[in-house]
Amino acid sequence: MTSALPFDDFRELLMSLPPADMVAEARVRQLFAKADKPKGSLGRIEDIAVWLAGWSGRAPPAVTRPLVAIFAGNHGVTRHGISPRPAAATANAVDLCAAGGAAINQICIAHDLGLKVFDLALHIPTADITEDAALDERGCAATMAFGMEAIAGGTDLLCLGDLGVGNSTVAAALCTALFGGTGADWVGPGSGADAAMQRRKAEVVDTAVAFHRASLKDPLEALRRVGGREFAAICGAILAARMQKIPVLLDGFAATAAAAVLHTANPAALDHCLLASLSPEPGHAKAAERLGLRPLLDLGVSQGEGVGAALAAGLVKAAALTSSGMAAAVRG
């Protein structure tokens with residue numbers, strides 16, 4: 001990067017986002033219109049196929065190299081007792097994925113999805129956001145750039161997920177910073193917090209937002225101050241996918257909060273994204289509504305690790321095959 005400030009390159013990207021391929025979208029709509037079926041009878045499957053065509057430039061669309069990318073980070077704010085799980089659980093979850101024993105591994109096998117898990121310096125938690133910025137600008141920008149590497153090697157559908165003890169609290173802090181309200185409006189049970197712990201989470205969020213308030217009008221500053229490494233990496237991955245015209249599926253509260261940073265900077269920044277799944281975390285539904293994202297699935301899944309996105313990838317693959325198969329029949 002050659003600019004004076006680390007965030008400048010990302011600001012420039014956010015102002016020069018490529019649009020969807022409207023011709024490809026129209027072609028898929030026409031294919032469904034000509035197919036021997038009642039108009040609109042496939043519901044959102046048709047919408048997914050149109051979206052996929054528009055953001056891949058292929059009509060009919062195809063998904064041949066889907067990828068689940070999971071970003072794992074640890075947070076200094078966990079020292080306030082905001083999670084029933086120890087910080088070491090993040091590394092344990094990463095190890096389980098590497099060993100093939102996590103839920104995400106099985107879903108990737110079921111839907112023939114690639115899988116990458118990124119350990120974002122788990123041995124060095126971010127700073128405690130109640131008294132310091134989670135990351136400095138250079139570190140946050142570098143993590144965003146690292147997240148952009150998720151698409152290296154090629155993919156035509158990027159499914160984004162996260163791992164990180166305490167990151168539901170960080171997601172709540174980020175949403176409070178971006179959307180307003182108080183910690184109590186955005187926190188929830190996360191990985192099993194009881195009522196007392198949820199009150200503590202809300203207090204932590206309020207303290208963090210008050211400490212950084214003067215700098216939170218800039219969404220990238222909000223990201224580095226009250227976010228975390230997995231949030232920054234997800235932002236980078238979403239941006240890289242947009243520049244390469246790769247459709248994205250978002251999973252979970254953390255990924256949605258990260259996406260909100262980009263949406264706040266440019267309301268068109270998430271046009272290539274669909275929300276895969278709605279978690280039971282109450283703040284997730286609020287954030288999705290603010291972003292205008294309607295989930296593909298609502299199965300009560302709060303597992304994290306990209307499980308919702310991987311499950312939704314099966315729907316997207318089915319939509320692509322439905323479009324191409326029916327197109328072949330129309331031509332025949």
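**Notebook: contacts, burial and backbone of a predicted chain**

I looked up the contacts of methionine 326: leaving out residues up to four places away in sequence, methionine 326 touches Phe32, Ala35, Lys37 and Leu42. Contact here means heavy atoms within 4.5 Å. This is a predicted model, in which local features need pLDDT of at least 70 and side-chain atom pairs count only at pLDDT 80 or more, while totals for chains, interfaces and linings use all residues. Residues are numbered from 1 along each chain as its sequence is written, and side-chain values use heavy atoms, with hydrogens and water left out.

**Entry 1. Methionine 326, continued**

I placed methionine 326 in helix 14 (residues 307-331). Helices (H or I, at least four residues) and strands (E, at least two) are DSSP runs, numbered from the N terminus. Methionine 326 has 22% relative accessibility and therefore counts as partly exposed. The classes are buried, under 20% relative accessible area; exposed, over 50%; and partly exposed, in between, with a 1.4 Å probe and protein chains only. I also took the separation from phenylalanine 7: methionine 326 and phenylalanine 7 are 319 residues apart in sequence, and their C-alpha atoms are 45 Å apart in space.

**Entry 2. The chain as a whole**

I noted 14 helices and five strands in the secondary structure of the chain. The radius of gyration is 20 Å, close to the 20 Å that the globule rule gives for 332 residues, so the chain is as compact as a globular protein of that length. The radius is taken over C-alpha atoms, and the rule is 2.2 Å times the number of residues to the power 0.38. Along the principal axes, the C-alpha atoms fill a box of roughly 65 × 45 × 35 Å.

I found that 56% of the 332 residues are buried. Of the contacts between residues at least 6 apart in sequence, 80% join residues at least 24 apart. The accessible surface comes to about 13200 Å², and 54% of this surface belongs to carbon and sulfur atoms; such areas come from the Shrake-Rupley method with a 1.4 Å probe, and for residues only the protein chains shown count as cover.

I recorded 28 positive and 32 negative side chains, the centres of the two sets lying 6 Å apart. Lys and Arg count as positive and Asp and Glu as negative, with His and the chain ends not counted; each charge is placed at NZ of Lys, CZ of Arg, CG of Asp or CD of Glu.

**Entry 3. Helix 7**

I compared the span of helix 7 (residues 167-179) with expectation: at 1.5 Å a residue its 13 residues should span 18 Å, and its end C-alpha atoms are 18 Å apart, which agrees. The expected span is 1.5 Å times one less than the number of residues. Because 13 of its 13 residues are buried, helix 7 is largely enclosed by the rest of the structure. Just after helix 7, glycine 180 has a positive phi of about 95°.

I located glutamate 46 in helix 3; at 12% relative accessibility, glutamate 46 is buried. Apart from its neighbours within four places in sequence, glutamate 46 is in contact with Phe32, Lys37, Gly40 and Ser41. Its C-alpha atom is separated by 7.4 Å from that of phenylalanine 32, 14 residues apart along the chain.

I located serine 277 in strand 5, where its 3% relative accessibility makes it buried. Not counting residues up to four places away in sequence, serine 277 touches several residues, among them Leu250, Asp251, His284 and Pro295.

**Entry 4. Backbone exceptions**

I bear in mind that most residues other than glycine have a negative phi, and most peptide bonds are trans. A cis peptide bond joins alanine 59 and proline 60, with omega about 0°; proline 60 is in the loop between helix 3 (44-56) and strand 1 (66-72).

I noted a positive phi near 55° at lysine 245, in the loop between helix 11 (229-243) and strand 4 (248-251). Lysine 245 is partly exposed at 26% relative accessibility. Glutamate 305 has a positive phi near 50° and lies in the loop between helix 13 (282-291) and helix 14. Glutamate 305 is buried, with a relative accessible area of 4%.
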